[in-house]
Amino acid sequence: MAFLENGKDTRICSAADRLLFRALATGDYPGAWLLACPLLEPGRVDGLSAPTAFNCGLCLFLLEEYEHALVPLRRAEQFLGSPAGLNAAERKGFLHAVAASKDTVLLPLDPEGGEDMERYYLIRVRWLTALCLVRLDRRQEAAPVLRFLGQYHIEL
């Protein structure tokens, strides 16, 4: 039973992860919503990977469900913890890439991105969280997140 990990069937979960990612990447928001619904059921959010939790939050954000989007986004941030920061070489290139594309926050995260993407995933999770909080006019709550994003030259 190699497909079982921590009592979960990861084949089903990873298939759902990939389908949700693909639906969001292709702009199929109704399809993404239908795929995200079962993942957002009570008790299921805690079992999601960080990229899939982000993608569920992104789906809700795109549907202007900002308050509901915060639940999976907080799960994603909790799952990621405090990954190592970018080294000097990575940081320089990353800042240049961020300046070139301000709409990156609205792209889904690849669930097969790997461990070396954890810091980037955390940045993206906080970026979307900040957007939700700003849209909800909760600027005081968004302030520490915006300070974090400021170190990467990300402004809303």
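## Arginine 18 and glutamate 112

Arginine 18 has a relative accessible area of 34% and is therefore partly exposed (buried means under 20%, exposed over 50%, partly exposed in between, with a 1.4 Å probe and protein chains only). Glutamate 112, at 55%, is exposed. These two residues form a salt bridge, with 3.5 Å between the closest N and O atoms (a side-chain nitrogen of Lys or Arg within 4 Å of a carboxyl oxygen of Asp or Glu). The pair connects distant parts of the chain, 94 residues apart: arginine 18 belongs to helix α1 (residues 10-25), and glutamate 112 to the loop between α5 (88-100) and α6 (118-135). Helices are DSSP runs of H or I with at least four residues, strands are runs of E with at least two, and both are numbered from the N terminus.

## Basis of the model

The model is predicted: local features need pLDDT of at least 70 and side-chain atom pairs pLDDT 80 or more, while totals for chains, interfaces and linings use all residues. Residues are numbered from 1 along each chain as its sequence is written, and side-chain values use heavy atoms, without hydrogens and water.

## Other salt bridges

By the rule above, the structure has six salt bridges. In one of them, the side chains of glutamate 77 and arginine 126 meet at 2.8 Å, N to O. Glutamate 77 is partly exposed at 25% relative accessible area, whereas arginine 126 counts as buried at 19%. Elsewhere, salt bridges with shared partners join Glu67, Arg74, Arg138 and Glu141 into one network.

## A nonpolar surface patch

On the surface, Tyr29, Trp33, Leu34 and Leu63 make up a nonpolar patch with about 390 Å² of accessible area together (residues with over 30% relative accessible area and no salt bridge; like charges joined within 9 Å, nonpolar side chains, Val, Leu, Ile, Met, Phe, Trp and Tyr, within 5 Å; areas by the Shrake-Rupley method with a 1.4 Å probe, only the protein chains shown counting as cover for residues). Leucine 63, one of these residues, lies in the loop between α3 (50-62) and α4 (66-80). Leucine 63 is partly exposed because its relative accessibility is 38%.
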